[in-house]
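User: I'm new to this one and would like to go through it piece by piece. Could you take my questions as they come?

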Amino acid sequence: MSAADRTGPGRTSAPGGASGTAGEPDGALVLRTRDADGTRALTQALSGALRAGDLLVLDGPLGAGKTTFTQGLGAGLGVRGPVASPTFVIERVHPNLAGGPDLVHVDAYRLGGEGEIDDLDLEADLDRAVTVVEWGRDR
């Protein structure tokens, strides 16, 4: 039985033991992994589809795997690391070591609102980087 057969109708499988459901009510693609290594493997594979100018907003409770997700992206993009949570510095820029886009990693958890996010001037990096914002919803 193949991985696709085990996932069932409307479900997909991905690297790292991930599975997902397409066509969620809000149009989102939901992928679930079994562990941190699976999340890193999945997002490392996903990184190949990302280009400079792409923006990803990650939302979830503490410990949901937002930084782990970003670590996999960083590995796949070939950026200087290590990729760690920027909770206290708010923003980290990881230059690309292979000629691809840089990775801008933002943790908006400590920001008070839209004005403070605007103050980060993320637009300055958008055209040369993949930007990941953690805790971005309603911030």
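User: What volume does the largest pocket have?
Analyst: In this predicted model, the volume of the largest pocket comes to about 710 Å³.

User: And which residues lie nearest its centre?
Analyst: Those nearest the centre of the largest pocket are Leu-29, Val-30, Leu-31, Leu-58 and Phe-69, out of 20 residues that line it. Two or more lining residues are given by each of strand E3 (30–32), helix H2 (36–46), strand E4 (55–58) and helix H3 (66–77).

User: Which element gives the largest share of that lining?
Analyst: That is H2, which contributes four residues to the lining of the largest pocket.

User: How do the lining residues divide into nonpolar, polar and charged?
Analyst: Eleven of the residues lining the largest pocket are nonpolar, four are polar and five are charged.

User: How many salt bridges does a search of the whole structure find?
Analyst: The search finds two. Besides the pair in H2, there is a salt bridge between the side chains of Arg-128 and Asp-102, with an N to O distance of 2.4 Å. This pair links distant parts of the chain, since Arg-128 lies in the loop between helix H5 (123–126) and E7 whereas Asp-102 lies in strand E6, 26 residues apart.

User: Are those two buried or partly exposed?
Analyst: Arg-128 is partly exposed, with a relative accessible area of 37%, but Asp-102 has a relative accessibility of 14% and so counts as buried.

User: You mentioned E7; why is it described as largely enclosed?
Analyst: Strand E7 (residues 129–134) is largely enclosed by the rest of the structure because six of its six residues are buried. The cover extends to both faces, with Ala-129, Thr-131 and Val-133 buried on one side and Val-130, Val-132 and Glu-134 buried on the other.

User: Which strands are joined to E7 by bridges, then?
Analyst: E4 and E7 run parallel and are joined by four bridges, and strand E6 (residues 102–107) also runs parallel to E7, with six bridges between them.

User: New topic: where is the cis peptide bond?
Analyst: The cis peptide bond joins Gly-81 and Pro-82, with omega at about 5°. As background, most peptide bonds are trans. Pro-82 lies in the loop between H3 and strand E5 (91–94).

User: What about Val-83, is that one buried or exposed?
Analyst: Val-83, which is also found in the loop between H3 and E5, counts as buried because its relative accessibility is 10%.

User: And which residues does Val-83 touch?
Analyst: Leaving aside residues up to four places away in sequence, Val-83 touches Thr-70, Gln-71, Gly-74, His-94, Leu-103 and His-105. For His-105, which is 22 residues away along the chain, the C-alpha atom is separated from that of Val-83 by 8.4 Å.

Definitions and conventions. Residues numbered from 1 in each chain as written. Predicted model: local features only at pLDDT ≥ 70, side-chain atom pairs only at ≥ 80, totals over all residues. Heavy atoms only, no water. 1 Å grid on protein atoms, 1.4 Å probe; cavity = no way out; pocket = protein on both sides within 12 Å on 5 of 7 lines; lining within 4 Å. Points joined across faces, edges and corners; volume = space filled by probe spheres on them. Nonpolar A, V, L, I, M, F, W, Y, C, P; charged D, E, K, R; others polar. Buried < 20%, exposed > 50% of the residue type's maximum accessible area, 1.4 Å probe, protein only. Pairing = 2+ DSSP bridges. Salt bridge = Lys/Arg side-chain N within 4 Å of Asp/Glu carboxyl O. Contact = heavy atoms within 4.5 Å.
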